[in-house]
Amino acid sequence: MSKKIKILIFSSLLLNVLLVGVVIGDVTHRFHIERFVRNSVQEFASKLPEDKGALILETVERVHLNNRDAYNQLRKARKEAMNLLSAPEFDEAAYRLQIEKIHELRSLMKRRLADATIELAKQFSQAERRSLAQHLRHFPRHSRDRSLPSDAKSPRHENP
């Protein structure tokens with residue numbers, strides 16, 4: 001084999017190994033974040049009276065299950081939007097429609113969370129609502145997301 005072909009094969013092999021590493025890292029990161037969020041909610045629930053803590057855990061699990069289908073649809077919609085964006089001929093109308101679908105799904109998921117928060121607030125005392133508000137405002141972030149404070153006003157927020 002010529003030197004160019006050996007370099008090409010070696011480069012291809014190296015890039016494939018890097019790609020596999022990125023994919024595996026991303027998959028394990030997703031599982032770690034889900035566990036991190038669940039642990040944070042459990043820690044918060046343990047600070048409340050037992051019945052209210054159980055209510056929080058039940059509500060979070062219900063919202064998670066209700067949003068699972070919407071999240072899967074969102075992931076498919078994002079993939080389709082990227083396919084439309086990278087197609088040989090750009091179809092603006094189809095792309096806008098797909099982006100609108102993404103916004104609607106995000107809105108639905110946020111509405112479900114807000115509705116669950118409202119239902120919890122109806123059953124909590126003022127002190128418990130204050131504690132819930134503090135938890136939501138200062139929700140601990142995963143180490144990968146620490147560069148952006150939870151109450152940042154824009155995605156480009158920089159730490160002083």
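How many residues does helix α2 have, and what span does α2 reach from its first C-alpha to its last?

## Helix α2

Helix α2 covers residues 50–85, which is 36 residues, and reaches 50 Å from its first C-alpha to its last. That is close to the 52 Å expected at 1.5 Å a residue, where the expected span is 1.5 Å times one less than the number of residues. At Arg68, α2 bends by about 40°; the bend is the angle between axes fitted to the seven residues ending there and the seven starting there.

An α-helix has 3.6 residues a turn, so residues three or four places apart point the same way.

## Model and chain

The model is predicted: local features need pLDDT of at least 70 and side-chain atom pairs pLDDT 80 or more, while totals for chains, interfaces and linings use all residues. Residues are numbered from 1 along each chain as its sequence is written, and side-chain values use heavy atoms, without hydrogens and water.

The protein chain has 4 helices and 0 strands, helices being DSSP runs of H or I with at least four residues and strands runs of E with at least two. Of its 160 residues, 19% are buried. Among contacts (heavy atoms within 4.5 Å) between residues at least 6 apart in sequence, 58% join residues at least 24 apart.

## Aromatic pair

The structure holds 1 aromatic pair (ring centres within 6.5 Å). The rings of Phe90 and Tyr95 have centres 5.6 Å apart and planes at 55°, so the pair is tilted, being neither stacked (under 30 degrees) nor edge-to-face (over 60).

Conventions. Buried < 20%, exposed > 50% of the residue type's maximum accessible area, 1.4 Å probe, protein only. Phe/Tyr/Trp six-rings, centres within 6.5 Å; stacked < 30°, edge-to-face > 60°.
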